[in-house]
Structures are given as structure tokens and as C-alpha cells.
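Hi,

Here is the structure I promised to pass on. Have a look at it first, and then read on for my notes.

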Amino acid sequence: MSGAILFLNRWPLYADERRWENRLAAPEILFRPQSDRVTYICDEGGLSAVPADAEGVHVVADFDDLDGVLGVVDAVVRDEGPFDHVIGFSESLLDLAATLRERYGIAGSRPEETSRFRDKTVMKETLSRAGLRVPRWASCRSREQVLAAAEEFGYPVIVKPVRGAGSQGVRKVASAGELRALCAAGSLHGLEIEEFVAGEILHVDGVLDAAGKPLFLCTSRYVSTCLDFELLGEPLGSVFQTDPAVRERCEDFAVRCLAALGLHSSAFHLELFDTGEELVFLEVGARVPGADVPYVIHDVHGVNLFRLWVDVLLGRPVDLPAPVLEQSGGWLIIPGPRPLPRKITATTSLLGEVPCVYRELVPGAGEVLIARPGSYATLHGGRFLFRGGTQEQIEEAVRRALARFCLTTEPVP
């Protein structure tokens with residue numbers, strides 16, 4: 001018996017059949033009515049994902065209103081009894097889930113453990129003590145201290161929120177003058193400064209069992225970077241790496257980082273730099289990867305990372321298909337022009353035109369693109385999923401997609 005589950009959800013399920021985001025995290029896929037008693041805490045957006053026959057459903061106005069959420073959950077615990085598990089997939093709900101576990105004595109990650117995967121200074125401190133290579137960094141406390149750190153690291157430097165996701169609020173600062181202006185523009189509270197590490201960026205994704213042993217691992221190399229996507233509007237994607245030497249090197253480094261951080265019974269998304277000479281830790285989230293990574297993993301390797309994570313949390317037996325490691329896959333997001341909003345006048349379909357493209361989300365004429373900072377799983381200029389080829393074939397397909405896709409827009413009246 002899995003027991004009583006408190007499920008926190010802010011992710012919608014769209015009626016639009018073109019859209020696949022969040023479908024792998026649908027409760028009907030994750031939970032078993034015969035053994036799981038699920039109570040849902042959701043906001044208005046997440047309400048659309050709740051099964052129609054669900055009995056315990058409670059809507060909060062804003063998950064960021066901690067007192068309001070705790071008031072709702074206190075009443076639920078009083079009326080429905082204690083819970084055995086708290087589950088929430090969104091990065092922004094990990095702190096809340098940890099708080100609820102501590103408040104109600106529920107097993108699982110507590111705030112101290114969760115901070116190692118939410119607070120970028122804590123994660124780097126932990127890994128540095130374990131002898132793993134991380135960027136040099138410092139918490140931002142004063143203008144003088146920040147300028148001194150930048151001089152020590154050398155320009156350019158990166159200034160970013162200590163807690164954040166999707167490269168929101170991240171800045172690449174090229175000079176002391178630019179850094180002084182940034183310091184003068186607002187508070188330094190909640191920010192850190194770190195050295196700029198030149199190199200390609202890869203990510204390793206997977207799920208660890210209760211002992212911290214990997215159940216599934218997948219290594220991918222980014223097309224462009226999340227920072228360039230957020231700041232410059234550059235296309236973003238990644239391609240599964242199939243070279244055994246690359247995978248072994250990256251996955252060994254990732255597993256050593258996760259062991260040093262003490263992660264277990266969790267999905268993870270770990271990013272790293274490959275400078276050509278060494279691997280350098282970038283950051284890690286104790287969650288399923290974002291964007292279209294989990295969907296391509298599912299379609300290529302047959303592994304639903306959300307379901308696998310839930311199975312581990314609930315102590316269910318795990319029976320994974322054997323991944324076909326020589327098969328690659330990938331995804332690509334092409335953002336709309338800036339500034340938004342813009343109305344679509346014409347777009348290009350790549351299905352049947354570019355090899356290995358098997359699914360796409362392309363807006364139709366008349367649809368309006370709006371700005372959603374840091375959001376990868378939404379309606380962009382175009383989103384494309386790739387499979388059915390080797391790594392080299394997928395990489396070539398991504399290049400062809402970038403060359404062939406065309407989008408025309410006009411201002412919104």
C-alpha cells in the first residue's frame with residue numbers, strides 16, 4: 001500500500017491536443033486508485049490536471065503565499081488525517097514540499113536537504129568541500145566586495161539569483177563599469193557572483209533510488225545555452241550523447257556530485273561545463289528536467305521520469321526497459337521575435353520536411369505569441385522533437401531545422 005499522498009500541482013493540462021507538455025506527469029499515469037489515496041493542493045492553473053473523479057481537491061490562490069497554503073493544508077490534515085508522502089514536481093514547489101514534510105513529520109527531503117539543490121551557494125560549498133570542481137563564487141554582500149570578487153575571477157563574470165531557475169535574472173557582466181551600474185540599479189540581496197567558465201554545456205538527467213544508486217541516466221549536449229535563450233532570444237535545444245566515453249565521463253562526474261550532495265529517492269537535472277580539459281559543475285535541480293527533455297527520453301528510451309520518480313518515492317518495484325544507447329534524440333525551441341507580443345502571419349511545418357522530426361508545436365496564423373520569461377514548455381515560435389537516428393543524424397537534423405524554419409509576425413494592434 002502506498003498510503004496517503006499530498007500532491008502539489010501548479011502545472012496545467014491543455015485541451016489543445018497539439019501540446020504535450022505535462023502529460024507525462026498526469027495523475028492518471030502516476031497513481032493507482034486501488035492503493036493510492038491522493039489529495040490535491042493546486043492553484044487555478046494546476047486544477048485542469050486534476051482527475052474529474054478526484055475527491056480531495058483544494059485550491060489555493062497563490063503557492064507563494066506560504067501562510068495561506070499552510071492554512072489550507074492544516075485544515076486538510078485536521079479533516080482528512082496525516083499523509084505518508086508529499087509530492088510536487090515544479091522547481092518552485094520543492095521548498096514548500098520540504099516545509100510541509102517537516103511541519104507534519106512526513107518522510108522525505110526536509111528544508112536542509114532541499115537547500116542543497118535550491119541554493120546555488122550551498123550546492124557549490126558542498127561540492128567544493130568534497131573536492132569537486134565548481135566555478136569560483138561569492139555571495140553578493142556589498143558593491144566593494146562584489147567588485148573585488150570580479151577582479152579576482154576576471155571578466156566577464158556571472159551574476160545570478162542564489163535561488164532561481166530557467167536563467168531568469170542571470171547576467172553576464174563584461175566590465176567593472178557594467179558591474180558598478182548593476183550594483184547601483186538595485187539590491188544585491190539574494191544574488192551571487194561567479195567566474196565565467198568557457199566551454200560547452202551538457203546536462204545529465206535521471207533518477208536515483210533510495211540508496212542513491214542511478215536507475216536511469218541520460219547525457220545531452222546543449223544547442224546554444226539557456227542564458228542566450230533568455231537574454232538574447234537564441235534557439236535552445238539539446239541532443240542525446242551516445243559516445244560511450246562522453247557518457248561515462250559526464251555521468252561519473254554527475255554521480256559523484258550527487259553523492260556528495262546526498263541526493264537519493266529523486267529525479268535530477270545536473271548541468272556541467274566541458275572546457276576540453278576538465279568538467280566543471282554548473283548547477284543541479286532535484287527534479288525532472290525541464291523543456292522537452294523528459295518527453296524525448298520517454299519516446300526514445302521508454303522511460304517516464306515522472307512515473308519512475310513516483311515509483312521510487314512510493315516504494316514500488318521498478319521494471320525499466322533496457323535503453324538502446326546507440327539511439328539518440330533531441331529537442332529544439334525557436335523563440336518568437338522580440339519584443340513580444342506579436343501575431344503570427346505565417347510559419348513553417350517541419351514534419352515530413354526534416355528527417356527525425358516526429359512532433360512539433362508551431363503556432364498557426366492569427367495566434368499571438370506572448371512573453372513568458374524562463375518558460376520553455378509553452379507556445380514559442382516553434383518547438384520540435386527529434387528521434388529515429390544516431391547522434392550525428394539528430395545533430396544534422398537540428399541544423400537543418402534551424403536553417404529551414406521560417407516565422408513571420410506582425411505587431412499586435
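Is Ser224 buried, partly exposed or exposed? At 29% relative accessibility, Ser224 is partly exposed (buried means under 20% relative accessible area, exposed over 50%, and partly exposed in between, with a 1.4 Å probe and protein chains only).

A word on the ground rules before the rest. This is a predicted model, in which local features need pLDDT of at least 70 and side-chain atom pairs count only at pLDDT 80 or more, while totals for chains, interfaces and linings use all residues. Residues are numbered from 1 along each chain as its sequence is written, and side-chain values use heavy atoms, with hydrogens and water left out.

Most residues other than glycine have a negative phi, and most peptide bonds are trans. Ser224 is not a glycine, yet its phi is positive, at about 65°. You will find Ser224 in the loop between β10 (214-223) and α8 (226-232). (Helices, H or I with at least four residues, and strands, E with at least two, are DSSP runs numbered from the N terminus.) Ser265 also has a positive phi, of about 50°, without being a glycine. Ser265 sits in the loop between α9 (244-261) and β12 (266-274), and with a relative accessible area of 17% Ser265 is buried.

There are cis peptide bonds to look at as well. One runs from Tyr155 to Pro156, with omega near 0°; Pro156 belongs to the loop between α6 (143-153) and β6 (157-161). Another runs from Arg338 to Pro339, with omega near -5°, and Pro339 is in the loop between β14 (328-334) and β15.

A three-stranded sheet

β15 is also part of an open sheet of three strands, in the order β17-β15-β19 with antiparallel pairing (two strands pair if DSSP finds at least two bridges between them). The edges are β17 (368-369) and β19 (407-411); each has a single partner strand, so one side of each has no neighbour in the sheet. Between β15 (residues 342-347) and β19, the antiparallel pairing runs over five bridges.

Salt bridges

How many salt bridges does a search of the whole structure find? It finds 29, where a salt bridge is a side-chain nitrogen of Lys or Arg within 4 Å of a carboxyl oxygen of Asp or Glu. One of them joins the side chains of Asp74 and Arg103, at 2.9 Å from N to O. Asp74 is in helix α2 (residues 66-80) and Arg103 in helix α3 (residues 94-104), so this pair ties together parts 29 residues apart in sequence. Asp74 is partly exposed at 29% relative accessibility, and Arg103 is partly exposed at 43%.

Glu278 and Arg133 form another salt bridge, at 3.2 Å from N to O. Here Glu278 lies in the loop between β12 and β13 (279-285) and Arg133 in the loop between α5 (120-129) and β5 (137-139), so the parts tied together are 145 residues apart in sequence. Glu278 is partly exposed, with a relative accessible area of 32%, and Arg133 is partly exposed at 28%.

Arg143 and Glu144 also meet in a salt bridge, at 3.8 Å from N to O. Arg143 is partly exposed at 44% relative accessibility, whereas Glu144 is exposed, with a relative accessible area of 52%. Salt bridges with shared partners also link Glu91, Asp95, Arg118, Arg163 and Arg287 into one network.

A helix pair

Arg143 turns up again where two helices pack: Arg143, Val146, Leu147, Ala150 and Glu151 in α6 meet Ala176, Leu179, Arg180 and Cys183 in α7 (contact means heavy atoms within 4.5 Å). The axes of α6 and helix α7 (residues 176-185) are 10 Å apart, at an angle of about 150°. Axes are lines fitted to C-alpha atoms, for helices over the stretch in contact, and angles run from 0 to 180 degrees between N-to-C directions. The two helices are therefore roughly antiparallel (angles under 35 degrees count as roughly parallel, over 145 as roughly antiparallel, 65 to 115 as roughly perpendicular and the rest as oblique).

Happy browsing!
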